[in-house]
Amino acid sequence: MTTRTTRSIRLEALTRVEGEGGLLIELHDGQLQNVALDIYEPPRFFEAFLRGRSFREVPDITARICGICPVAYQMSSVHAIESALDIRPAPEVRALRRLLYCAEWIESHALHIYLLQAPDLYGLESVVALAAQQPDLVRQGLKLKKVGNELMELLGGRSVHPVSVCVGGFHKLPFATELHAFREKLEWALTASLETTKFVSTLPLPEFQADYEFVALSHPNEYAMNEGRIVSSAGLDIAVEEYEQTFMEEHVPHSTALHSVRADRRTSYLVGPLARVNLNLEHLMPLARDAAEKSGITWPTFNPYAGIVARSIELVHACEESLQIINSYQQQAKGDVEWPVRSGEGCAATEAPRGLLYHRYRINEKGLVEFAKIVPPTAQNYRRMEDDLRLLIPTLLKMTDEEIVAKCEQLVRNYDPCISCSTHFLKLQLKDQ
Amino acid sequence: MQKQQTITVIGCGNPYAADDAAGIAVVEGLRKAAPEGLCLRLMDDLGPGFLCDFASQGSIVILVDAVRSAAEIGTVHFLRLPPETVVSRSVQRISTHSLGLETEIQLASRFGKCTEVFLLGIEIGDHSSGENLSPAVSAAIEKAVSDFNYFCRCARLQCHPGLT
């Protein structure tokens, strides 16, 4: 007679903003049958309520999608609209937008490295426990994050959800003296970022590899952030305009979030810092490139836990490039260009801290949005997360439920997921039938 | 003469969810009154690690938020929140961006950013979509703003004034 056991684990997590997600693991006679990363978050309807709004409102509205990566949403939307309306901002605007994006990378990467992922790799439950053991480390992380937020406030008018970006440029340009005065903080941040790369290189990264297709923007002259072609480790090289023919979103029954896959073969892919460093290593700033070479990682790496190392390298890059932009900044009299309102359709992709972020808009002759499409990086990574869990869980079956859960969460955290760009209620059920 | 401790006041809530905007309305009311020695912030301009970022070293923090308990709608609560007594309803797991109030207070306390945290809570009723506050909550907001100096005195004395 065969004895079957039923194992059931339920985790719940709730914070102020509502939303619900869960992880279901189904085992049959000790064999993995199903893994489902359930996202129960209520749809947020941004694409729907952008319709009928003036295109001028779009950068401010989309910036509200996320409190950690508002610049990403602002950048993808403003570039897509400028593409639709054939607007070409000045080179100084382009540089300042990169600077604003660097600010976001600094705050977001510092947050994830120090406050969210490092505790996992130290074997600790939370950043509070890490702060008890390594107070200086956590202090450094918080200070780095604050430098990013302050730079965002200087350029964007607010440290979260900035408001200075407009179609055609900026509502208000910073004074050169303001930016120059910020150099000291960035120089400290650059030093701290280099220390970060050394500290993450000492962390024990779990052994795990998968056959990933890494996808990121690529630019011939710079570390792609705000523009470029979409390339992949599988040889893909397309214009952003071909995104929707190459990738598609699928609805899955267990999730209100869509899953992105390659349109031709329905396979998962990975976006984010690991993809970017793997694909664009040669375009990193010199100190960042040097840090990558000294990180102890052989690039490209197919270990997702090395994402924390990739983030630290991008932290160095963002500080280094910020200083370069500020050093060459010359204040312009006017921050935006003028243009006649006309109808048009355009798309853009930029590199959010968590990966490729695609937007497309159709604008009518009155300047109103008729159609909007937004594909966030986390939606592009969901299928890949599930694929990773399918590979990981069979190696964990001798562990207790709690240990399995902890390992699964660690793996998912590599992706720095932004489940509805807010916070959520998570239930985990593990069933062994 | 001993320097007075800074008081950081953080308003929380959703301005488009009826009474849930109470915390924001209190801070906006305080801004109009412009009392000295207060650092006023709204939660929508703050991110994870906000207490460590924005509270001055050794400051007192007053969180102003809509609350729901068994009390009558419009009740104004003022409670001291010792770090060890603040427990998030559960622990943040896969979604990684928010730290939760428990973590925020514990981190800020560890790094000496705040000596005490208080909650100024407005008991609310309706929190459905909309921008209108109920009459009882509007009155409570006015009371919270007009009595704020009293709350500050209680906070500086690090006491619970016994208001509910």
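Biologist: Buried residues make up 46% of the 164 residues in chain B. What makes a residue buried or exposed?

Modeller: A residue is buried if 20 or more other C-beta atoms lie within 10 Å of its own, exposed if 12 or fewer, and partly exposed in between, with C-beta atoms placed from the backbone. This is a predicted model, where local features need pLDDT of at least 70 and side-chain atom pairs count only at pLDDT 80 or more, while totals for chains, interfaces and linings use all residues. Residues are numbered from 1 along each chain as its sequence is written, and chains are lettered from A and ligands numbered from 1 in the order in which they are written.

Biologist: Thanks! Which elements does chain B have?

Modeller: From the N terminus on they run β-α-β-α-β-β-α-β-α-α, giving five helices and five strands. Helices (H or I, at least four residues) and strands (E, at least two) are DSSP runs, numbered from the N terminus.

Biologist: What makes a set of residues a nonpolar core?

Modeller: Its members are buried Ala, Val, Leu, Ile, Met, Phe, Trp, Tyr and Cys residues joined through C-beta atoms within 7 Å. The largest such core here has 171 residues, and A:Ile81, A:Ile106, A:Ala216 and B:Ile62 touch the most other members. Helix α4 (residues 91-121) of chain A gives the most to this core, with 16 residues.

Biologist: Which residues is B:Ile62 in contact with, leaving aside neighbours within four places in sequence?

Modeller: They are B:Ile7, B:Val9, B:Phe118, B:Leu120, B:Phe151 and B:Ala155. Contact means that the two C-beta atoms, placed from the backbone, lie within 7 Å.

Biologist: Why are α3(A) and α4(A) called roughly antiparallel?

Modeller: Their axes come within 9 Å and cross at roughly 150 degrees. Axes are lines fitted to C-alpha atoms, for helices over the stretch in contact, and angles run from 0 to 180 degrees between N-to-C directions. Angles under 35 degrees count as roughly parallel, over 145 as roughly antiparallel, 65 to 115 as roughly perpendicular and the rest as oblique. The two helices are therefore roughly antiparallel to each other.

Biologist: And what makes α10(A) and α12(A) roughly perpendicular?

Modeller: The axes of α10 (residues 273-280) and α12 (residues 307-327) of chain A come within 8 Å and cross at roughly 70 degrees. That angle falls in the perpendicular range, so these helices are roughly perpendicular to each other. Among the residues making the contact are A:Pro273 and A:Leu274 of α10(A) and A:Gly307 and A:Ala310 of α12(A).
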